[in-house]
Structures are given as structure tokens and as C-alpha cells.
Amino acid sequence: MARLPYPDLSRPEIAPIAERIKAERGGKMLNLYHMLLHSPPVADGWRAFLTAIRQQCQLPGRPRELAILRVAVLNGAEYEFNAHASFALKEGVTQAQLDEMRADRTPADFTAADRAVLSLTDAM
């Protein structure tokens, strides 16, 4: 449950940004973006930044999702981990590997490339 009420997406200063967010996210308004719309400039900046990271970079999906999951573990961000688990599964990460990562362990069957992604994420 949200601690603040969500802003009205039909407000004139919010509606255009809300429509851009929905267009870039498959017609959905995730709770994160909905809450960020309390500050339309922040929401639009977040949208532009994460769209560039997720959709416009050449990084393949598996290392991207491993890095996101690792950051979620490091920050105790269970919501973020849960939000990205399905993407990681689509990129070939197994449920057993997800469970190991959630428990802050490196799965034994991770490749050298997977381990390098986690090491780089930790270093950054």
C-alpha cells in the first residue's frame, strides 16, 4: 500500500508525461512512475534515463537483468527484485539462480561472464 495518494493522471501538468510513460511501457503505468508523477520533471527525467538504459543500449538482456537484480539485493529492494525476476527468467536465469541471488549468494552454475557482471556491479 502506498504511503501517499497517487496523483491524478488527468491533471494538465501530468497528463502528457503520463502518456509518454505509458507509451514506452506497453500501455502500463507502474506504481513507481505513478508515484514519481508527484514531481512531473523528476518522473520525466527518470523515464528518459531508464528508457535509454533498458531500450537504447546495446547491453544484452541477461547481464542487464543480473546487474539490476544485484543492485536490488545490495539495497534490500525486494520490490525491485520482484519486478525484475520475470525479466531475468525470460533472459535465461533459472528460478534456482534467482533464489540464490535473492539470498545474496552467487549461483554455483553462473558462467564467468555472469560472475563478471556481478563483480562489476558490486564495484560500481
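Among contacts in the chain (heavy atoms within 4.5 Å) between residues at least 6 apart in sequence, 48% join residues at least 24 apart. The model is predicted: local features need pLDDT of at least 70, side-chain atom pairs count only at pLDDT 80 or more, and totals for chains, interfaces and linings use all residues. Residues are numbered from 1 along each chain as its sequence is written, and side-chain values use heavy atoms, with hydrogens and water left out.

The chain holds 7 helices and 0 strands. Helices (H or I, at least four residues) and strands (E, at least two) are DSSP runs, numbered from the N terminus. In sequence order the pattern reads α-α-α-α-α-α-α. The C-alpha trace spans about 50 × 30 × 25 Å along its principal axes. Of the 124 residues in the chain, 34% are buried. Buried means under 20% relative accessible area, exposed over 50%, and partly exposed in between (1.4 Å probe, protein chains only). The accessible surface of the chain is about 7,700 Å², by the Shrake-Rupley method with a 1.4 Å probe. Carbon and sulfur atoms account for 60% of this surface.

Helix α5 (residues 78-90) packs with helix α6 (residues 95-102) at an angle of about 155°. Their axes lie 11 Å apart. Axes are lines fitted to C-alpha atoms, for helices over the stretch in contact, and angles run from 0 to 180 degrees between N-to-C directions. The two helices, α5 and α6, are therefore roughly antiparallel. That term applies to angles over 145 degrees; under 35 counts as roughly parallel, 65 to 115 as roughly perpendicular, and the rest as oblique. The crossing of α5 and α6 is right-handed, meaning that the near helix is turned clockwise from the far one by less than a right angle. On the α5 side, the contact involves E78, F81, N82, A85, A88 and L89. These meet Q95, L98, M101 and R102 in α6. The contact residues divide into 6 nonpolar, 2 polar and 2 charged. Here Ala, Val, Leu, Ile, Met, Phe, Trp, Tyr, Cys and Pro count as nonpolar, Asp, Glu, Lys and Arg as charged, and the others, Gly among them, as polar.

F81 also has a spatial relation to V71. The two are 10 residues apart in sequence and 8.6 Å apart in space, C-alpha to C-alpha. V71 sits in helix α4 (residues 61-74). V71 counts as partly exposed because its relative accessibility is 40%.

D104 lies in the loop between α6 and α7 (112-123). D104 is not a glycine, yet has a positive phi of about 65°. With a relative accessible area of 48%, D104 is partly exposed.
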